[in-house]
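User: I would like to learn how to read the features of a protein structure. Could you guide me through them, with the general idea before each case?

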Amino acid sequence: MGDNNQILTFVENLLEMNHFPVHRFTLPSPELAEIDQGLRKTIFCYKDPETLMNEYWQKLEHRKLYFLTDAFRCSYFSFRLPDSDEFIACGPFTFEIMQGARLDDFLENEKIPPKLHEQLRQYYQGIAFVTSPVFFTNLFRLLAENLFGKDGYEMIESDFGDLKHWSDFYQGYYRIEDKPFLGNQIVEARYQIQADMLMAVQNGNGTKALELLSSCFSYFIPTSTDNPLREEKYYCATLNTMLRKPAETAGVHPVHIDSLSNKNIRTIDKLTSVEQCRNFCRDCVQSYCRLIRRYTLGNYSQLTQKVITYTSTDLTADLSLKAFSDLFSVNASYLSSLFKKEVGIPLTEYVNRARIQYAQRLLASTDLPIKAIASQCGIPDIYYFSRLFKRITGATPTGYRENNLKNKVFRQIPPQR
């Protein structure tokens, strides 16, 4: 059972990381009273949902993987562990977006009183939404195969038995309480995940930010439209706007933030599928993390931040100490001393290194003549440019380009067999 426990723990952790509720229990279990996140307990005047749920789960047989869907379109996967009285249950979650016209039709067909509509809308916002039903179902099939053997289990689809008729049975006996659904706790958790993701972005931690973004995808973010693509593009735009704040807090200059944000807006406009939108969100998070790692200036004074930002914005400008002191109306000696203290090298050396680093990128990625590259780096004197390049990199511009070209060719040669 040791290997099985490892597999179960892995799947449980994977599901919980993506905010799919997972329950492991033996019967009778008081946990089953709230397995639907308090839905029926809140809506219906039913005093003992624990007994009903325990009686239902007691009927589940060994070596059967149950896919359960109730009258509220909420689904669960559940099964008994091999050679055990312990159960695993995952849910509730939905395979469809319960929002807009779809939700309105459901409320009308089930004759749900209007005074309960807003509570139910909030409930569905807190329920995990499966974006890839095939992947999700295959995950449980694969788990069952590992636990019971490939042909050692049966997949059972059920409508939750008598639970499907609860809405009819209690027609006219709905109750209204101020107590929110337990599902609202998941809404709060979603916002916490978003806050954690923004903090990860602010720290430039792309791996952690993407992990948290995947958890956000488990939820459907409600909007005012029934068009899935439009909804996803709306979320892309919202995410792009949200990510501007951690970049600003990290000390990235607004000119860099605006440049990336505007580029993302143009990309969003061209997205044509939900999958493209999801991929964009991942790229968007990574791009802001890279931006922060490259341009974060939070540890510098505002004066030093301005010098660094102006340098990165236009290398062809006059970036001398005198030019900066005149531009910012500060004493040149004070600026020189402050910059070296905070950055660790003199301002002139910082500018030279920035220009040569840009020259390296141009030499490696373009066929521009060296004289043109020198000019684009703000050093029109090619002889001075060459001497400066060799002092900083240890190679001449021509030698650097040739060596880079050789490395590219070498990487493209297929291995000998």
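This is a predicted model: local features need pLDDT of at least 70, side-chain atom pairs count only at pLDDT 80 or more; totals for chains, interfaces and linings use all residues.

User: Let us begin with the aromatic rings. How many aromatic pairs does a search of the whole structure find?

Analyst: The idea is to look for ring centres within 6.5 Å of each other and then to compare the planes of the rings. Applied to the whole structure, the search finds 23 aromatic pairs. One of them is formed by Phe-25 and Phe-87, with 5.7 Å between the centres and 10 degrees between the planes, and this pair is stacked. Phe-25 belongs to strand S1 (residues 22–26) and Phe-87 to strand S4 (residues 86–94), so that the pair links parts of the chain 62 residues apart.

User: Are Phe-25 and Phe-87 buried or exposed?

Analyst: A residue counts as buried when its relative accessible area is under 20%. Phe-25 is buried because its relative accessibility is 4%. Phe-87 is likewise buried, because its value is 1%.

User: What does an edge-to-face pair look like in numbers?

Analyst: Planes over 60 degrees apart give this label. Phe-95 and Phe-136 provide a case, at 6.3 Å centre to centre and with 75 degrees between the planes. Phe-95 is in the loop between S4 and helix H4 (100–109), whereas Phe-136 is in helix H6 (residues 133–148), so the pair ties together parts 41 residues apart in sequence. Phe-95 counts as partly exposed because its relative accessibility is 25%, while Phe-136, at 5%, counts as buried. Ring pairs also join both of these residues with Phe-20, Phe-67, Phe-77, Phe-93 and Phe-140 into a cluster.

User: Which residues line the second largest cavity?

Analyst: The lining consists of Leu-8, Val-11, Glu-12, Leu-15, Val-22, Ile-88, Cys-90, Phe-140 and Leu-143. Helix H1 (2–17), S4 and H6 each give two or more residues to this lining. H1 supplies the largest share, four residues.

User: What is the general idea behind a nonpolar core?

Analyst: In soluble globular proteins, nonpolar side chains tend to be buried together. Here, the largest nonpolar core has 29 residues, of which Val-201, Val-285 and Tyr-288 touch the most other members. The elements that give two or more residues to this core are helix H8 (183–202), helix H9 (206–216), helix H10 (228–249), helix H11 (254–269) and helix H12 (274–295). H12 gives the most, with 10 residues.

User: Which backbone features deserve attention?

Analyst: Most residues other than glycine have a negative phi, and most peptide bonds are trans. Against that background, a cis peptide bond joins Leu-27 and Pro-28, with omega about -5 degrees. Pro-28 is in the loop between S1 and helix H2 (39–43). Another cis peptide bond joins Gly-91 and Pro-92, with omega about 5 degrees, and Pro-92 is part of strand S4.

User: Where do Arg-73 and Asp-83 lie, and what is the phi of each?

Analyst: Arg-73 is in the loop between strand S2 (64–69) and strand S3 (75–80), and its phi is positive, near 65 degrees. Asp-83 is in the loop between S3 and S4, and its phi is also positive, about 55 degrees, although Asp-83 is not a glycine. Arg-73 counts as partly exposed because its relative accessibility is 25%. Asp-83 counts as exposed because its value is 81%.

Terms used
Residues are numbered from 1 along each chain as its sequence is written. Side-chain values use heavy atoms; hydrogens and water are left out. Rings of Phe, Tyr and Trp (its six-membered ring) pair if their centres lie within 6.5 Å; planes under 30 degrees apart count as stacked, over 60 as edge-to-face and the rest as tilted. Buried means under 20% relative accessible area, exposed over 50%, partly exposed in between (1.4 Å probe, protein chains only). On a 1 Å grid over the protein atoms alone, a cavity is a set of points where a 1.4 Å probe fits but cannot get out, and a pocket is an open set with protein on both sides within 12 Å along at least five of seven lines; lining residues have an atom within 4 Å of a point. A nonpolar core is a set of buried Ala, Val, Leu, Ile, Met, Phe, Trp, Tyr and Cys residues joined through side-chain atoms within 4.5 Å.
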